[in-house]
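Here's a quick briefing to read alongside the structure.

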Amino acid sequence: MKRLVLCLILLMSPAWAVQPDEVLDDPVLEERARELSKGLRCLVCRNESIDDSNADLARDLRLLVRERLVAGDTDAEAIAFIVDRYGEYVLLKPQSGGSNLLLWLAGPVMLLLAGVTGVVYLRRRSAATAPAEAGLSDAEEARLKEIMKE
Amino acid sequence: MITELGHFALILAFFTACFQAIVPLIGAQRRMPGWIAVAEPAATLQFLLTATSFAALTYAFVYSDFSLQLVVNNSHTAKPLLYKITGVWGNHEGSMLLWVLIVTLFGAMVAWFGGNLPPGLRARVLAVQAMIGVAFFAFILFTSNPFLRLAVPPFDGRDLNPLLQDPGLAFHPPFLYLGYVGLSMTFSFAVAALIEGRVDAAWGRWVRPYTLAAWIFLTIGIGLGSWWAYYELGWGGFWFWDPVENASFMPWLIAAALLHSSIVVEKRESLKSWTILLAIIAFGFSMIGAFITRSGVITSVHAFANDPERGVFLLGILAIFMLGGLTLFAARAGVMQAKGVFGLMSRESMLVVNNILLCVAAFVVFVGTIWPLIAELFFDRKLSVGPPFFNLAFTPFMVALGLILPVGAMLPWKRAKLGRVLKTLRWPFLLALAIGALAWAMQSGRSALGPVGLFLAAWLISGSAVDLWGRTGRGADRLRRLRRLPRADWGKAVAHAGLGVTIAGVAAMMAWEVEDIRVVQVGESFDLAGFTITLDGVREVQGPNFLSTTGDITLSRAGDVIATMHPEKRIYPVAGMPTTEAALNNGFLRDIYVVIGDPQANGGWAVRSYYKPLANWIWGGSILMALGGALSLSDRRYRVAAGARKAPRAGVPAE
């Protein structure tokens, strides 16, 4: 039984996110590698970074990132190296060029629009005079009072 | 037999919903009391039929009726009873049945407790709610029928996805659905008010409990989901900006905005059309959530019945309800005139700012979520939008919100003097600054995130306390008066403080987490952020429907043993899936999180361990927010049923 369990575990165990044998000896380089791999997508997974993923491909990419860093690449060069080979799909933080400008500007532009609309509305409200109290009929007014009293 | 009864009940419920969607609406339009009165029994009947159907499906799961395809695909005789029951909604078809069950439950609640609503409005609300029911009943019956039989039943089932066999996840969907579907109620109220052509303070008060309830359930549901991800997925992340998470987060943001804008409708009769629009959009986001989860257009970790046909059907439902709602809104928006007049500096203005920030934040999340789709369709670019984008684009809104919140919460209505409020708030502000500065000085890195987060947290919590204390007036007896403040005041303070607690947890966890990955021999120890972790041994354990490799780990600090921890690696042979069960040692200020990995070739085991500062604050804050909402909901002024019997029955209000 015990052997069966072990076999099963060995057969089915997932390769794990960041294995001890991947870790670089240089803590500074390792730190950079971790930062970079948090921003890279595991291509065969659903929305996971290679830092979190336990897929084999993610492991290969993690090793690749470390290889590039050890070879002396800067962060930007290492990323560019991977994007050249795997496309911008690997970037979890989309580039800001081209049509992606829309994505990056959507928030600020919307905030500006909403802010302007809000200010216009607020100025109008503060300038308005209270309308005559004709909103509710007497019966409704009484009913509203009843409700408010509860 | 029971299965067929359930199936039949579901079909009957569909027809009841059709009836309820049409007759009361005509009745309310032509003022025919009999046709109006039909709405209540219909809503009750619809709920009872759906509940019967749901009970039949649950029965099939509990008794492992493998002649049902759904049970075969998602259950197994060896599974614990709890997960047999939760397996009912751990799949697409069953979860849709739960969804409509909640739709009809909310409708029935209006029928049972909505006695203080004018009959015309109530009939219209129930009719609109029934329309939503019709759409989803049809969706279930035509595209995802849970009651399909197999001609040749197998001996055993294929088991539920092991990741779902967990108490946290077992109750995550029901709460989320209660939240999503609760927003269908606000949608129904909004559409009914548009048909009726009047929105007033009373409407604001009627709709508020439902918004509040939906928001509370969403808060709990999202909190549970994130807590589950934290301890189950094995690396202690709590939020991944996954499309499906975003799908639940957007309605939460919009519901929070709606909650605040409906206060303005209720107290000041302003922001009416905006509130109606928000109510429509909020439900729209709920349905977008359903669409994203179930259509598979956007890849996500929550892969869950990815079927284009279902996706198209859901998109159709979404389009019909949104186009219908928005067209009605465009036609009737003119009717809703604001009454309240207020200055630029007032509670009203601050609530407008709150709404702008929450809605634009939701918009940013929305754009980020669908951008991969848009980029591929229109710009032919295949790209990803992940956590780095959202962290960057979303966080500023929360910081701004946190900064203005204590001020806005204390400003008086109509016309306010900012100086007076700022003067009261100077001590909380200084306290928060001091805490932020302390965090800055004590941390080893240069990250601004942690100190800013702690500053905001202290500012929110102490600001809420000062606000509450300020309401007790002057002189002696303030403590007694504090206790007797309206529950809504307490709810507001508790919920706002809860937001602060969550912000502190998120910031601390993102800024000061310590991680350690290494190979450990049995008997070996290592240090993690001042704690000592010792691997005492590794055992094989047999569970009910899984096999487990369990590590025995001792956690100690300066020689004192704090706890023994048992991280596991499990294998579910039937489903053929491994899971990691992290071992957690919870503390008020930190969690220690240990995961055991693979045996290594040269002996020893891979062990990952984390020191997670303030981890529990994230969920503690969520609980506080939900508690605050519940306190506010229990305020006697909002109780739905209050006055139902005493108030005289008024006639149908004028059109």
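In chain B, where is confidence lowest, and where is it highest? It's lowest in helix H8 (residues 167-170) of chain B, with a mean of 76, and highest in helix H3 (residues 39-62) of chain B, at 95. Those scores are pLDDT, the predictor's confidence in each residue, from 0 to 100.

This is a predicted model: local features need pLDDT of at least 70, side-chain atom pairs count only at pLDDT 80 or more, and totals for chains, interfaces and linings use all residues. Residues are numbered from 1 along each chain as its sequence is written, while chains are lettered from A and ligands numbered from 1 in the order in which they are written.

**Confidence**
- Chain B has a mean pLDDT of 88, and 95% of its residues reach 70 or more.
- For the complex, the predictor gives an ipTM of 0.83 and a pTM of 0.89.

**Strands**
- Strands here are DSSP runs of E, at least two residues long, and helices are runs of H or I, at least four, both numbered from the N terminus.
- Two strands pair if DSSP finds at least two bridges between them.
- Strand S3 (residues 531-542) of chain B and strand S4 (residues 547-557) of chain B run antiparallel, joined by 10 bridges.
- S3(B) and S4(B) make a hairpin with four residues between them, and B:Gln542 sits opposite B:Leu547 in S4(B).
- S4(B) also pairs antiparallel with strand S5 (residues 560-565) of chain B, over five bridges; B:Leu555 has B:Ala563 in S5(B) as its bridge partner.
- S4(B) and strand S6 (residues 568-572) of chain B pair in the antiparallel sense over four bridges.
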